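The entries follow in the order in which I looked things up.

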Number of protein chains: 2
Amino acid sequence: VYEGPVQDLIDELARLPGIGPKGAQRIAFHLLAADEIDARRLGEVITRVKQAITPCRRCFNFAQGDFCRICADDRRDPAQLCVVEDPRGVVAIERTREYRGRYHVLGGAISPLDGIGPDSLHIEELLARLGDEGVTEVILALNSSHEGEATASYLQDRLAGRGVRVTRLASGLPVGGDLDYADELTLGRALLGRRDLATG
Amino acid sequence: VYEGPVQDLIDELARLPGIGPKGAQRIAFHLLAADEIDARRLGEVITRVKQAITPCRRCFNFAQGDFCRICADDRRDPAQLCVVEDPRGVVAIERTREYRGRYHVLGGAISPLDGIGPDSLHIEELLARLGDEGVTEVILALNSSHEGEATASYLQDRLAGRGVRVTRLASGLPVGGDLDYADELTLGRALLGRRDLATG
């Protein structure tokens, strides 16, 4: 019903998560009223981000180039490996300033209802890293959702007998909450108070 | 905290109306996980819309080129002029299929608290159109907010004594509601049942 380019914009915005048709219209009107420079900048960052960002070849975190900033930093301890569902987990743990090891981003959590099984996640790559990098401890820092719990349980089985200490974040996180909603203090304490699941 | 291009995207998204930092992060992750074609299309429609859309030279509705689709359509009756706050009002009235006249988009409503006085709106251009186009009726189709009411009242004074019938939409719209939230039937009836404010 709007002029073509306006309707195209509203339609594309309405496809984004958490934005309904009225929200899309509101954002479109905001952009049309905004300075051309501001609107153009948003368009450009969206167009650019897909080309600029690739998965880290080692840990699958966001990277510009082959390796993410953490994998490229040789002051990080390769013996500790913190397993998270997605890059939000990396950012949440980094914010605590309590961790100096590396990460492994699984790319999600096991969720049979959504068709996500272990094969959809970067689990084989995780197992391969244990020997390659001399890992002595794997910290499971998954969301405390059903899917996160199921994934932690699956990984615990897969990691057993491999000569690495397997830990998970201490409880203290609100049950059912996502990792990146926890404040730094709570998450930092949960990390320091992590408990053993198994010693392989 | 994220890689530069990811953080740039989150920051830009968080500046949009109705999107907080968590919503911006969620949309950024959606775009990073989406097909490159889909993400690129959103970037391009945003970049394109500001160049493609200009205000109609006659009515200030969205236009591609000099005139909007309605002003460019010579089957529309120039004697009837429907005054709306912004292009959402045009779309809402068009959806009723009850109106065959032209529009005039004010560009907002009088709101002293926001620094929007009559001079910020396209009111002089409205007055100039009356004689130029042989207008016999001006329909005030403003939102039924305080600002919309104040604007209708101001326009009623400015239009008095100019030889045009001045009408407004029948009540029936929910008080305090925006025009574009009304369903077609309610708005169509409000249009048909419009009442005279003054015959100049």
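How many helices and strands does chain A have? I counted seven helices and seven strands in chain A, bearing in mind that this is a predicted model. Read from the N terminus, the order of elements in chain A is α-α-α-β-β-β-α-β-α-β-α-β-α-β.

Next I looked up totals for the chain. Chain A has 200 residues, and 50% of them count as buried. I noted an accessible surface of about 9,500 Å² for chain A, with 48% of this belonging to carbon and sulfur atoms. Of the contacts in chain A between residues at least 6 apart in sequence, 57% join residues at least 24 apart.

I then turned to helix H1 of chain A, residues 4–14. Its buried residues are A:Pro5, A:Val6, A:Gln7, A:Leu9, A:Ile10, A:Glu12 and A:Leu13. What do the buried residues of H1(A) pack against? I found helix H2 (21–33) of chain A, and, from chain B, helix H3 (36–52) and strand S2 (62–63).

Last, I examined the pair H1(A) and H2(A). Their axes come within 8 Å and cross at roughly 130°. An angle over 145 would count as roughly antiparallel and 65 to 115 as roughly perpendicular; H1(A) and H2(A) are therefore oblique to each other. I recorded the crossing of H1(A) and H2(A) as right-handed. H1(A) contributes A:Val6, A:Leu9, A:Ile10, A:Leu13 and A:Ala14 to the contact, and H2(A) contributes A:Ala24, A:Gln25, A:Ile27, A:Ala28, A:Leu31 and A:Leu32.

Conventions:
Residues are numbered from 1 along each chain as its sequence is written. Chains are lettered from A and ligands numbered from 1 in the order in which they are written. This is a predicted model: local features need pLDDT of at least 70, side-chain atom pairs count only at pLDDT 80 or more; totals for chains, interfaces and linings use all residues. Side-chain values use heavy atoms; hydrogens and water are left out. Buried means under 20% relative accessible area, exposed over 50%, partly exposed in between (1.4 Å probe, protein chains only). Helices (H or I, at least four residues) and strands (E, at least two) are DSSP runs, numbered from the N terminus. Contact means heavy atoms within 4.5 Å. Accessible areas come from the Shrake-Rupley method with a 1.4 Å probe; for residues, only the protein chains shown count as cover. Axes are lines fitted to C-alpha atoms, for helices over the stretch in contact, and angles run from 0 to 180 degrees between N-to-C directions. Angles under 35 degrees count as roughly parallel, over 145 as roughly antiparallel, 65 to 115 as roughly perpendicular and the rest as oblique. A crossing is left-handed if the near helix is turned anticlockwise from the far one by less than a right angle, and right-handed if clockwise.
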